[in-house]
Amino acid sequence: MIAAADGTALYAREQGADTGLVPVVCLPGLTRNAKDFETIAPRLAQSRRVLSLDFRGRGRSGRADPATYRPDQEAADTFLVLDHLGVGRFAVIGTSRGGIVAMVMATRALPRLAGVLFNDIGPRIDTPGLLRIRGYLGADPQFGSWEEAVAALKATNPGFDSLSEAEWQAFARRVFKDEGGVPRADYDAGLTRNFPAPEDIAAGKVPELWPLLEMLAPLPCLVLRGAHSDLLSAATVAEMQARHPRLAAATVPGRGHVPFLDEPESLAAITGWLAAVDSATATPAHP
């Protein structure tokens, strides 16, 4: 655990070792945490250092003033953790909210970023996905069993019809925490405080972050899109590629928001992206 400036405990899981290849920092989605990267982090850790973080108010990190549950604060917390652990230049795998945080980080210390993978997220976020997330955000479901948790996931995560029951169970274990044998929400319900209101989402009053993406133009980047995503459209991916000359893209079949990162299509794209990141000739920066 590492203490933020306001005393909030920040958790990071470290795997692998410094091999000379660019370290990878995994940043999770809005209500998710480091467990989301159990699908990919061990594989990446065979060749490099990998850090998977819990943002404040999620997972093993401490709960804080809900007013601080913002991407700018999460970016500051991430830099604090990386400085504490002696990480200089790094690449980011940003799942959903984590991709937004990565763009904010670029505004503060672009030379430290070696590349960004956007996992089903972009500068423009589609209304249906935001409304779906707003519909369950802040709830504290009282499940009586893991089977009930799986049923809830199936109801709130469209686009994953090809998953087996075992895969749904594994998914549930990454999303929820175990309390006495039953699943519970693994995030602070106060996250609703800084999330757009339904009426603002419906009216399109959600900012687009194109200038932040364009800042990353010198870096090798990748966007993965779930084929059934309701948060990232194919049109947005096309515009991302038009605005970022070094942005590769891959569509992951059988997935909504978000791909798990262990699908064959994801792994192939990640391998190519990391090869580009590692071959970059920019001089590493240090904190």
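**Strand 3.** I started with strand 3, residues 24–27, and found both of its faces covered. Val24 and Cys26 sit on one side, Val25 and Leu27 on the other, and all are buried. Buried here means under 20% relative accessible area, with exposed over 50% and partly exposed in between (1.4 Å probe, protein chains only). Strands (E, at least two residues) and helices (H or I, at least four) are DSSP runs, numbered from the N terminus. In a regular strand, side chains alternate between the two faces of the sheet.

Ground rules, before I go on: this is a predicted model, where local features need pLDDT of at least 70 and side-chain atom pairs count only at pLDDT 80 or more, while totals for chains, interfaces and linings use all residues. Residues are numbered from 1 along each chain as its sequence is written, and side-chain values use heavy atoms, leaving out hydrogens and water.

**Neighbours of strand 3.** Which way does strand 3 pair with strand 4? The sense is parallel, over 3 bridges, with strand 4 covering residues 50–54. Two strands pair if DSSP finds at least two bridges between them. Val25 stands opposite Leu51 of strand 4. I also see strand 3 pairing with strand 5 (residues 90–95), in the parallel sense over 4 bridges. There, Cys26 faces Ile93 as its opposite residue.

For Cys26, the nearest cysteine sulfur is that of Cys221, 15 Å away. Cys26 has 0% relative accessibility, so it counts as buried. Cys221 is in no disulfide either, and it is buried too, at 3%.

**Aromatic rings.** Next I looked at rings of Phe, Tyr and Trp (its six-membered ring), which pair if their centres lie within 6.5 Å; planes under 30 degrees apart are stacked, over 60 edge-to-face, the rest tilted. I get 7 aromatic pairs. In one of them, Phe160 and Trp168 have ring centres 6.4 Å apart and planes at 65 degrees, so I noted edge-to-face. Phe160 is buried at 1% relative accessible area, and Trp168 is buried at 5%. Phe160 also pairs with Phe171: the centres are 5.9 Å apart and the planes at 45 degrees, so that pair is tilted. This pair links distant parts of the chain, 11 residues apart: Phe160 is in the loop between helix 5 (146–156) and helix 6 (165–175), and Phe171 is in helix 6. Phe160, Trp168, Phe171 and Phe260 form one aromatic cluster.

**Charges over rings.** My test is NZ of Lys or CZ of Arg within 6 Å of the ring centre and within 35 degrees of the ring normal. Arg173 has its charged end over the ring of Trp146, 3.9 Å from the centre. Arg174 lies over the face of Phe260, 4.8 Å from the ring centre.

**Cavities.** How many cavities of 30 Å³ or more does a search of the whole structure find? I noted 2. A cavity is a set of points on a 1 Å grid over the protein atoms alone where a 1.4 Å probe fits but cannot get out; lining residues have an atom within 4 Å of a point. The largest cavity holds about 60 Å³ of space, where a volume is the space filled by probe spheres set on the points, joined across faces, edges and corners. Its lining residues include Arg174 and Phe260.

How values were computed
A disulfide is a pair of cysteine sulfur atoms within 2.5 Å. On a 1 Å grid over the protein atoms alone, a cavity is a set of points where a 1.4 Å probe fits but cannot get out, and a pocket is an open set with protein on both sides within 12 Å along at least five of seven lines; lining residues have an atom within 4 Å of a point.
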